[in-house]
Amino acid sequence: MKITRRIFTAVFACFAFCAAVSAQSKFEEVMARGTLSGNIQLDAQLYFKDSLIGSPEVPEKFRSNSFAYLQYTNGKFTLGARFEGYFKPMLGYDARLDGWGVPYYFARFSGDIIDVTAGSIYEQFGSGMILRSYQDWNLGIDNAISGVRAIIRPYKGITIKGIVGTQRHFWEHVGLIRGVDLDLAFNDFIKPMQDWETRITLGGSFVSKYQDEQLKLVIDQVGDELVPFKLNLPKNVGSAAARLNLESHGFTLSGEYVYKANDPSGENGYIYRHGQALLLNAGYSMRGFGVLLQAKSVDNMGFRADRAEKGNFGLINYMPALTRQHAYSLASLYPYACQSLGEVAFQADIQYKIKRGTALGGKYGTDLKLNASVAFAPERTDITSSTGSLKPDAGTFGYKSRMFHMNADEVYFIDANFEVAHKFNKNFKMTLMYMFERYNQEVVEGHGEPKAFIHTVVGDFTYMFLKKHALRLELQYLHTKQIEQDWLMGTLEYTFAPNWFVSVSDQWNVGNNDKGRRLHYYYVSAGYIHDATRISLSYGKIRQGIMCAGGVCREMPASNGVMLTMSSSF
């Protein structure tokens, strides 16, 4: 009853917020002049204890994550608010999310020259390596900045952004973030360049954070003794970035460099070394062919509103992982996330479509994808501290390193995969994929095997019949002699387009795990889709592991239970 009352109160507050747009008009009149849109989602699970897979006892038995977002638009004005309710967060989400309220709300005026937002703000400067505030529901991340943002476009091709505010930290706000960004599209405001086929864009950013914590007591080891140190921490930490983008006749070339002043934190062991990152991209695309080459060097680029925070929380910036984001379950069983403390990474992605009417292309053509990525540890030289310790100690500069200097003997991650997709006729299509992976579990997960060699094969087959009916069979096999050894997975999905679907799947650890058992992770799901509304009900077991999206990962505990998901937008 208390939960129902809380939900009703929060939803009522959202509507009242929209009604306050004009104090001189009735709510119905305001709605008639503008548009109301939004979306809602509910994820809930009933948990069962399963000692075989390590699923824990959940005292509440039932947990749920939910949100409801409303947005009102009237000409150049927009108002929005989002209710969130975590009635005990589902397993895998941080316990500090527990609670409910309206943590996200804003008012915005969007004109041709000036665009101003007050309230909760999502923003990204450049590639995000200096600033990215965003929300990812599946990862439980929301680092919105609560404050004011102004976007000024004084002339075509010139964009200036300024932002100031505090960062959301679960149900509170921490730090003070200030930033400015300049973007110059030369072809738009320089007349002689307007007819060029080559387009040039230059950008620059500056972001600083303020945290009112000046002294920090740390304990370091000098020889056989534990020695306390009191550190004088900087209250203001600045970061600057420059970027360049060139496009011409299908070619693209871009780069961004970020420098961060010394920022002692819990993540880097409270050392006073600066941070820097360089991201380079080169690509070419034409009809039926595309290639992308990327290189990245990162050193000590953890940048947080709260220097004591670790993991995915409190991040001001975003370090992209130069790896393919796999959709198939076994191919994503051991994913990789960028190591913000330091890595040197490369990626090559090639896509080619064999033409229709050829022997290999057939009637519909054949799509080929080749992707390879690798990440190394950076090469570093430790600096002997004044206390005599030979390791990077708290309160020291830490170490010496240079951009793109890597330790070739310490590989963090390798992923080489090849995919073929072919449509044989209007009813039958097939996708085949092979992936080789070298996975450093010790670095990525903080424990385990430093050298795991993994081979994964995937076959995905879809057959359409009776016009709107489709049957999809997905078969996967993963082989490794390390970690949990071999896995098999099969999925059978039947779709009654456009409304209904049902699927059954099973992940089987055919290699013995550390308990000497061969485990099955079966999963049954059914759902209904109507326009923008989707409802699904599932039952099954979920393996303990890591879930990633866009190179950002979170730990997933093992679970056994019934899951309900509902989402709708209007």
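Author: Pro-498 is found in the loop between β26 and β27, the latter covering residues 500-508. In this predicted model, the peptide bond that leads from Ala-497 into Pro-498 is cis, and its omega is near 0 degrees. As a bit of background, most peptide bonds are trans, and most residues other than glycine have a negative phi.

That second point brings us to two more places worth a look. Ile-483 has a phi near 55 degrees, a positive value in a residue other than glycine. You will find Ile-483 in the loop between β25 (469-480) and β26. Ile-483 counts as partly exposed because its relative accessibility is 26%. Phe-404 is not a glycine either, yet its phi is positive, at about 65 degrees. Phe-404 has its place in a strand, namely β22. With 25% relative accessibility, Phe-404 counts as partly exposed.

The structure holds 3 cavities of 30 Å³ or more. The second largest cavity has a volume of about 50 Å³, and its lining includes Ser-401, Arg-402, Met-403 and His-405. β22 gives the most to this lining, with 4 residues. The other elements that give two or more residues to the lining of the second largest cavity are β19 (289-299), β20 (342-354) and β21 (366-382). Sorted by class, the residues around the second largest cavity are 4 nonpolar, 3 polar and 4 charged.

The largest cavity holds about 160 Å³ of space. Of the 16 residues that line the largest cavity, Gly-140, Ile-141, Asp-142, Phe-170 and Phe-313 are the closest to its centre. Two or more residues of the lining come from each of β3 (77-87), β8 (135-136), β9 (141-142) and β11 (158-169). The lining of the largest cavity divides into 6 nonpolar, 6 polar and 4 charged residues.

Now for the aromatic rings. The count comes to 25 aromatic pairs. One of them joins Phe-465 and Tyr-494, with 5.9 Å from centre to centre and 40 degrees between the planes, a tilted arrangement. Phe-465 lies in strand β24 (residues 452-465) and Tyr-494 in strand β26 (residues 487-496), so this pair ties together parts that are 29 residues apart in sequence. Phe-465 itself is partly exposed, at 24% relative accessibility.

Tyr-522 belongs to strand β28 (residues 520-530) and Tyr-539 to strand β29 (residues 533-542), and the two are 17 residues apart. Tyr-522 is partly exposed, with a relative accessible area of 32%, and Tyr-539 is partly exposed too, at 31% relative accessibility.

Elsewhere, Phe-67, Tyr-86, Trp-137 and Trp-171 form one aromatic cluster. Trp-171 also has a charged neighbour: Arg-168 lies over its face, 5.4 Å from the ring centre.

Notes
Residues numbered from 1 in each chain as written. Predicted model: local features only at pLDDT ≥ 70, side-chain atom pairs only at ≥ 80, totals over all residues. Heavy atoms only, no water. Phe/Tyr/Trp six-rings, centres within 6.5 Å; stacked < 30°, edge-to-face > 60°. Buried < 20%, exposed > 50% of the residue type's maximum accessible area, 1.4 Å probe, protein only. Lys NZ or Arg CZ within 6 Å of the ring centre and 35° of its normal. 1 Å grid on protein atoms, 1.4 Å probe; cavity = no way out; pocket = protein on both sides within 12 Å on 5 of 7 lines; lining within 4 Å. Points joined across faces, edges and corners; volume = space filled by probe spheres on them. Nonpolar A, V, L, I, M, F, W, Y, C, P; charged D, E, K, R; others polar.
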